[in-house]
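Hello,

Here is the structure I promised to pass on to you. Please open it next to this email, and my notes will follow below.

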Amino acid sequence: MKIAVAGTGYVGLVTGVCLAEMGHSVFCVDIDEGKVALMSSGISPIYEPGLEEIMVKNMDKLNFTTNYKEAYKDADVIFIGVGTPEKHDGSANLCYVYSAAEQIAESIEKDCVIVVKSTVPIGTNDKIEDIIKTKLVHNVNVSVASNPEFLSQGTAVRDTLHASRIVIGVEDSSAGEVLKEVYKNFGAPILVTNRKSAEMIKYASNDFLALKISFINEIANLCEIIGANVDDVAIGMGYDNRIGNRFLNSGIGYGGSCFPKDTKALHWLANFHDYELKTIKAAIDVNENQKLKLIKKSRKYFDSLKGLNVAVLGLTFKPGTDDLREAPSLVNIPIMLEDGAKVKAWDPVGINSFQKLHPDNITYCYTIEDTLKDADVCFIFTEWDEVKDLDLSKYSKLMKNPIILDGRNCYSLTSVKNANIIYDSIGRETINSLETLLV
Ligand code: UDX
């Protein structure tokens, strides 16, 4: 089967490479010539564990090109995996999806199935089919199928090769059969449904997970007020199989390329149809507040951060990725700078991208020790292993005031008790105070 994939971002590239790993011949299309040259030489333009290895292993089945006509003209199946960024009003920007659809329509010379992998608002597959059918140049039959991805950054390859499920949304059963054939070696449960239901499964899944995180974050905030420990509460809840123990880590909110965008897009879509999705609205509002939780905590210790040395550990939205999209660091560091803080920041992979956005006013450090030296306060935004495994005595040895504000609950309360630090985390009691440390 000849497969083409439009777009080589997280979704497109991982899909293309994993389909090659499963034995298909795959053309990956991108408009960026530099990126295509890089990929053709076996280098992945994105940091994703395992991706480059299987890319190199399958180079004989992979073609990277800017020549979309060549890639699409005789393909059996064409995946659309381009971005759908958020617009200012919270709706999804579909211009890249529509332009890929137009290019496909003008290029295909044989019957094929066009598969929408990008996360698109419910009903978009119908519009894509209209665009393609109106703009077709050759007399061919096309079917449009929805096939959402459920991959997380950092584990995208594993999530694709060992998928929890494969959802196929089609309006004609023959397209469903073609896609079952594409996925026959993946060994995952396959659900075939109609297109709108497939589109909805994607949004409902992501929004449910976002809601789960906002729920535990609210419980964490209440735990702090009443003196309970949210980590124990989450463990206790998780023993119930109906709740499950995953996605119950409280912190400074969810970020990344999916949850913030997909919650807003579904809420926007419901509003458009005069329906208010109250639970999703609550998830969004709680998350916006949660992102500022550590800054609010810092006010307990300092009226302002003016003139203080602030150490920041972690810039990316989660560990295992260099992605900064919707990362808490992006909203918190500008507030610190506005306050007049002297910020030193560390991240094992995110510094380059952050530096592009903030070239001045921040000292970027390549070791945690350099970051902590003489700091008045330390903010933890990402639970990198290097942070979790840090010898806790370094905080008190290196910092001027060992005040640690941990937005990811990296340490157990028992481990910090003897570390001679003030440790303020999410949904748990604060360990030590300025008074007890001075004693
Ligand atoms: C997510 C979904 O998991 C994936 O299925 C979907 O296809 C794309 O969106 P991703 O954005 O890569 O994947 O990251 P994920 O690991 O889900 O984490 C998202 C955010 O939630 C991160 O900021 C993370 O720190 C936060 N999170 C996650 C929590 O705050 N608590 C948790 O318990 C889990």
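At what angle do helix α9 and helix α12 pack? The angle is about 55°, and the axes of α9 (residues 195-226) and α12 (residues 278-290) are 9 Å apart.

Before going further, please keep in mind that this is a predicted model, in which local features need pLDDT of at least 70, side-chain atom pairs count only at pLDDT 80 or more, and totals for chains, interfaces and linings use all residues. Residues are numbered from 1 along each chain as its sequence is written, and side-chain values use heavy atoms, with hydrogens and water left out.

Helices and strands here are DSSP runs numbered from the N terminus (H or I with at least four residues for helices, E with at least two for strands). Axes are lines fitted to C-alpha atoms, for helices over the stretch in contact, and angles run from 0 to 180 degrees between N-to-C directions.

The crossing of α9 past α12 is left-handed, a term used if the near helix is turned anticlockwise from the far one by less than a right angle, with right-handed used if clockwise. In the contact (heavy atoms within 4.5 Å), α9 supplies Asp 207, Ala 210, Leu 211, Ser 214, Asn 217, Glu 218 and Asn 221, while α12 supplies Thr 279, Ile 280, Ala 283, Val 286, Asn 287 and Gln 290. By class, that makes 5 nonpolar, 6 polar and 2 charged residues (Ala, Val, Leu, Ile, Met, Phe, Trp, Tyr, Cys and Pro count as nonpolar, Asp, Glu, Lys and Arg as charged, and the others, Gly among them, as polar).

Helix α9 also packs with α10 (residues 230-238), at an angle of about 135° and with axes 9 Å apart. This pair is therefore oblique, and α9 passes α10 in a right-handed crossing. Phe 215, Ile 216, Ile 219, Ala 220 and Cys 223 of α9 meet Val 230, Val 233, Ala 234 and Met 237 of α10. That contact has 9 nonpolar residues, with no polar and no charged ones.

With helix α11 (residues 259-272), the axis of α9 comes within 9 Å and crosses at roughly 115°. The two are therefore roughly perpendicular to each other, and α9 passes α11 in a left-handed crossing. The residues of this contact divide into 8 nonpolar, 2 polar and 3 charged.

Now to the strands. An open sheet of 6 strands runs in the order β11-β10-β9-β12-β13-β14, with parallel pairing (two strands pair if DSSP finds at least two bridges between them). At its edges are β11 (362-365) and β14 (422-424), each pairing on one side only. Strand β13 (residues 403-406) pairs with β14 in the parallel sense over 3 bridges, and Ile 404 has Tyr 423 in β14 as its bridge partner.

Finally, the domains: the assignment, automatic or from a database, gives domain 1 (2-193), domain 2 (202-290) and domain 3 (293-432). The C-alpha centres of domain 2 and domain 3 lie 24 Å apart, and their contact takes 20 residues from domain 2 and 18 residues from domain 3.

Best wishes

How values were computed. Angles under 35 degrees count as roughly parallel, over 145 as roughly antiparallel, 65 to 115 as roughly perpendicular and the rest as oblique.
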